[in-house]
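Work through the exercises below with the sequence and the model side by side.

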Amino acid sequence: MKMLQSLAGSSCVRLVERHRSAWCFGFLVLGYLLYLVFGAVVFSSVELPYEDLLRQELRKLKRRFLEEHECLSEQQLEQFLGRVLEASNYGVSVLSNASGNWNWDFTSALFFASTVLSTTGYGHTVPLSDGGKAFCIIYSVIGIPFTLLFLTAVVQRITVHVTRRPVLYFHIRWGFSKQVVAIVHAVLLGFVTVSCFFFIPAAVFSVLEDDWNFLESFYFCFISLSTIGLGDYVPGEGYNQKFRELYKIGITCYLLLGLIAMLVVLETFCELHELKKFRKMFYVKKDKDEDQVHIIEHDQLSFSSITDQAAGMKEDQKQNEPFVATQSSACVDGPANH
C-alpha cells in the first residue's frame, strides 16, 4: 500500500514538473482575472457614492432651474443640454471663460498628433469632420508602427550607454557581481526617472495650473507617461493660459522624453537575470527534437550560403584577374615541363 502511494505521489510530481509551464500560465491567467475583479470592486465601492451624490445634485439644479424659468419646458432644456454636452465631448465649450482657446491651432494640433502616435489619447479633442476622422485613421495606421520603430531604436541606443556599459564597467573594473550591480543600477535609474519625470514635473504643473494640486499633477504625469490617457486632466486648457503655444510645445516634448525614459527603465528591469528567470516560468518550452531540427536546418542553410559565397568569390577573382591566373599557370607548367 505504501509503495502504491509513493508511486502515485512520484507520478503526480513528474506530471506537475512535466507541465510546469502550463500550470504557471494557468495561475497567471487566474491571477490576472482576480486582479481585474479586485480593481472593479475597489473602483465601484470608492466612486459609486460620489456618482450618486453628483446625480442628486444635478437633479436638484435642474428642478430649481425649471421652477425659476417656467417659460422653458423640460424638453427644451434637455435638448439644449444635450447639444452642449455633445459639443463638450468634441472639446468645444460654450462657457465664456473657455471660448478663447482654440482646439485646432498649430500647437494644439501638434499636441494632439503626439497623443495619437504615442497612443495616449486624452480624448479632450477629437476630429469634427469626416475628412479629419479619415485622415486620423490613415495617419495612425502609418504613424503608430513608425513611432514604435523610432522608440525601439532610441531606447536600444540609450540602454547601451545608460545601462549595459555602466553595469559592465563596475563588474570588470571593481569586480562586483554583475547581478548585484544590475539590480542596484536598475533601482537607482528608476529613482532618478521617477524624480525627474514625476515629482519635479508634478510640482511644476501644480504651480502652472490654477486648479491642480500636487496629487492631481502627479496623477496626470502617471496617467500620461503610462499611456493610459484618461483625459480628465489636460494641461494648457485653462482660461487665459499664459504662453499657451510655448506651453503646449513644452508638454509635447515632456511626454515624448518621459515615454522614452519609461521604456528605458522598463528595458533595464527586463534585463535583470531574476526577472528573466521569472518570465520563463510562463513561456512555452520547445521540444529538444524541434530545436535540433531548427539547428540542423540553420546550419545547412548557413553552410550552403557560405559555399555559394565562396564559389562566387572564386569566379569573381578569376574574371577580375586573368593576367595573374595565366602567369601563375605558366609558372606551374614551366617547372613541370623541365
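**Exercise 1. Find the residue that forms a salt bridge with Glu271, and say which parts of the chain the pair ties together.**

Step 1. The partner of Glu271 is Arg164, and the closest N and O atoms of the two are 2.6 Å apart; a salt bridge here is a side-chain nitrogen of Lys or Arg within 4 Å of a carboxyl oxygen of Asp or Glu.

Step 2. Glu271 lies in the loop between helix H8 (244-270) and helix H9 (273-280), while Arg164 belongs to helix H5 (residues 130-173), so the pair ties together parts that are 107 residues apart in sequence. Helices (H or I, at least four residues) and strands (E, at least two) are DSSP runs, numbered from the N terminus.

Step 3. Glu271 is partly exposed, with a relative accessible area of 23%, and Arg164 is partly exposed as well, at 37%. The classes are buried for under 20% relative accessible area, exposed for over 50%, and partly exposed in between (1.4 Å probe, protein chains only).

Step 4. As a general point, side chains of opposite charge can pair when their charged atoms come close.

Before going on, note that this is a predicted model, in which local features need pLDDT of at least 70 and side-chain atom pairs count only at pLDDT 80 or more, whereas totals for chains, interfaces and linings use all residues. Residues are numbered from 1 along each chain as its sequence is written, and side-chain values use heavy atoms, with hydrogens and water left out.

**Exercise 2. State how many salt bridges the structure holds, and describe those that involve helix H2.**

Step 1. The structure holds four salt bridges.

Step 2. Arg55 and Glu51 are joined by their side chains at 3.0 Å, N to O. Because these residues are four apart in helix H2 (residues 20-68), about one helical turn separates Arg55 from Glu51. Arg55 is partly exposed at 45% relative accessible area, and Glu51 is partly exposed at 37%.

Step 3. A salt bridge also links the side chains of Lys62 and Glu78, at 2.7 Å from N to O. Since Lys62 lies in helix H2 and Glu78 in helix H3 (residues 74-89), this pair ties together parts that are 16 residues apart in sequence. Lys62 counts as partly exposed at 25% relative accessibility, and so does Glu78 at 43%.

Step 4. Lys62 and Glu78 also belong, together with Glu74, to a network of salt bridges.

**Exercise 3. Describe the protein overall, and say where the model's confidence is under 50.**

Step 1. The protein has eleven helices and zero strands, and buried residues make up 21% of its 338 residues.

Step 2. Of the contacts with a separation of 6 or more, 60% are between residues 24 or more positions apart.

Step 3. An unreviewed UniProt entry lists residues 180-205 among the spans named "transmembrane region", although such annotations may be inferred rather than shown by experiment. In the model this span is 100% helix and 0% strand, with end C-alpha atoms 37 Å apart.

Step 4. The mean pLDDT, the predictor's confidence in each residue from 0 to 100, is 79, and 75% of the residues reach 70 or more. The value stays under 50 over residues 299-307 and over residues 316-338; the model has zero contacts beyond four places in sequence for residues 299-307, and likewise for residues 316-338.

Technical notes. Contact means heavy atoms within 4.5 Å.
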